[in-house]
Amino acid sequence: MPCHCDLPTDEEPLPEPIQGLGSTSACPTGDPAQAQSAPLVSPEGLARLGGPFIDAHAHLFPDRLMAAIWRAFRADGYALQHEGTSATVADALLRTGAERLFLLVYAHKAGMAASLNDWLYTVTRDEPRFVPFGTVHPDDADRAAIVSRCLIDQGFAGLKLHCSVQRMPCDDPRLDPVYEIVQDAGRAVIIHAGTAPYRDAHTGVVHARRLVARFPDLKVVFAHLGMWEVEAFGALAAANANVYLDCSSVIAYPRFTAQMDLDWLGGFFEQLADKILWGSDYPYLESDYEAPLLGLWEMGLSAAAVAKIRHDNAQRLLAVIRPEVVRSV
Ligand SMILES: [Zn+2]
């Protein structure tokens with residue numbers, strides 16, 4: 001969620017296939033044995049949800065990059081609860097009980113997206129619950145080739161872009177060839193385009209409106225409800241069939257939720273129940289995994305709205321983009 005703009009530049013993420021998924025990876029805190037087997041959503045929580053759920057916004061990075069991201073979060077004052085390695089995070093995600101999990105990466109500088117995408121491919125190709133979203137950097141010289149490889153050759157569901165980290169507005173013309181490939185392939189792009197947590201020149205709904213106007217057939221999910229311009233991003237989603245929002249890092253995340261009118265937010269969720277996807281932003285959480293998921297109920301939403309947000313909207317998007325990770329590249 002935070003900027004990560006100052007991540008070290010000397011740490012190239014190299015493909016590092018995860019070993020021992022779901023088996024013996026160490027737990028960063030607490031009793032490893034207990035943490036290994038404990039579900040991240042309790043049976044009572046799952047019963048309360050009333051049906052399956054899809055996590056449409058979770059992260060996984062190679063170990064060296066993930067370690068640098070933890071340092072950046074700590075420097076920004078976050079008290080994250082789930083620090084770990086690629087293996088422990090992936091293992092935990094598979095213990096959430098989620099039907100599918102969108103796994104997102106992003107590149108904070110040029111020259112790393114291709115290896116990052118290839119790494120994500122190795123991590124996801126044997127686990128059908130993982131839905132990979134690769135990335136590209138606006139300064140990559142071979143942007144079209146990078147995107148074609150992960151979307152077409154490797155069958156990724158789409159891309160993730162982070163306007164603050166990558167220091168570009170979402171309507172940056174350097175991304176035009178990228179969006180054309182995503183659009184033509186019928187895939188989706190998830191974009192952190194909102195002004196939270198930092199207001200900078202690269203974020204804001206002004207850019208998002210221009211992007212949607214120029215690529216009306218592009219399937220876009222704006223992350224974190226476009227926070228802090230939630231109402232404006234909501235209007236954009238309501239007016240455009242291919243625009244969605246995910247609500248990761250919004251519910252039960254005190255540093256953000258405390259700045260919102262929760263009654264208003266509940267009405268917003270109910271009104272846009274067809275356009276909002278639930279996402280955890282795991283492992284970048286200051287709460288447990290369950291709190292933001294069950295928090296849907298604490299907003300006073302109807303059962304129908306909860307069902308759409310926790311599962312059906314993401315399922316509908318997946319049915320349209322038809323991602324299928326290619327098993328033999
Ligand atoms: Zn995120």
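A: Start with burial: a residue is buried if 20 or more other C-beta atoms lie within 10 Å of its own, exposed if 12 or fewer, and partly exposed in between, with C-beta atoms placed from the backbone. Next come the elements: helices (H or I, at least four residues) and strands (E, at least two) are DSSP runs, numbered from the N terminus. Now the case: five of the five residues of strand β5 (residues 188-192) are buried, so β5 is largely enclosed by the rest of the structure.

Q: What kind of model is this, and how are residues numbered?

A: This is a predicted model: local features need pLDDT of at least 70, side-chain atom pairs count only at pLDDT 80 or more, and totals for chains, interfaces and linings use all residues. Residues are numbered from 1 along each chain as its sequence is written.

Q: How many helices and strands does the protein chain have?

A: The protein chain has 13 helices and eight strands. Of its 329 residues, 50% count as buried. Contacts give another view. Two residues are in contact if their C-beta atoms, placed from the backbone, lie within 7 Å. Among contacts with a separation of 6 or more, 82% are between residues 24 or more positions apart.

Q: Which way do the residues of β5 point?

A: In a regular strand the side chains alternate between the two faces of the sheet. In β5, A188, I190 and H192 point one way. V189 and I191 point the other way, and all of these are buried.

Q: In what order do the strands form the sheet?

A: Pairing comes before order. Two strands pair if DSSP finds at least two bridges between them. Here eight strands form an open sheet in the order β1-β2-β3-β4-β5-β6-β7-β8, and the pairing is parallel. The edge strands are β1 (54-59) and β8 (276-277), and each pairs on one side only.

Q: How many bridges join β5 to β4, and how many join β5 to β6?

A: Five bridges join β4 to β5, and these strands run parallel. One of the partners is A188 in β5, which bridges to G158. Four bridges join β5 to strand β6 (residues 219-222), again running parallel. There, A188 has K219 of β6 as its bridge partner.

Q: At what angle do α5 and α6 pack?

A: Two packed helices are described by the angle between their axes and the distance between the axes. Axes are lines fitted to C-alpha atoms, for helices over the stretch in contact, and angles run from 0 to 180 degrees between N-to-C directions. Helix α5 (residues 113-124) and helix α6 (residues 143-153) pack at about 5°, with axes 10 Å apart. Angles under 35 degrees count as roughly parallel, over 145 as roughly antiparallel, 65 to 115 as roughly perpendicular and the rest as oblique. So α5 and α6 are roughly parallel to each other. A113, A114 and N117 of α5 meet I146, R149 and C150 of α6.

Q: Which residues of α6 are buried?

A: An α-helix has 3.6 residues a turn, so residues three or four places apart point the same way. In α6, the buried residues are R143, I146, V147, C150 and L151. They cover an arc of only 105° around the axis, which puts them on the same side of α6. That arc is taken from the directions from the helix axis to the C-beta atoms. The cover over these buried residues includes α5, β3 (130-134), β4 (158-162) and α7 (176-185). The face turned away from the buried side carries the exposed residues A145 and D153.

Q: Which residues does a cis peptide bond join?

A: One joins M227 and W228, with omega about 10°. W228 is in the loop between β6 and α9 (230-239). The bond from Y282 to P283 is also cis, with omega near 5°. P283 sits in the loop between β8 and α12 (290-298).
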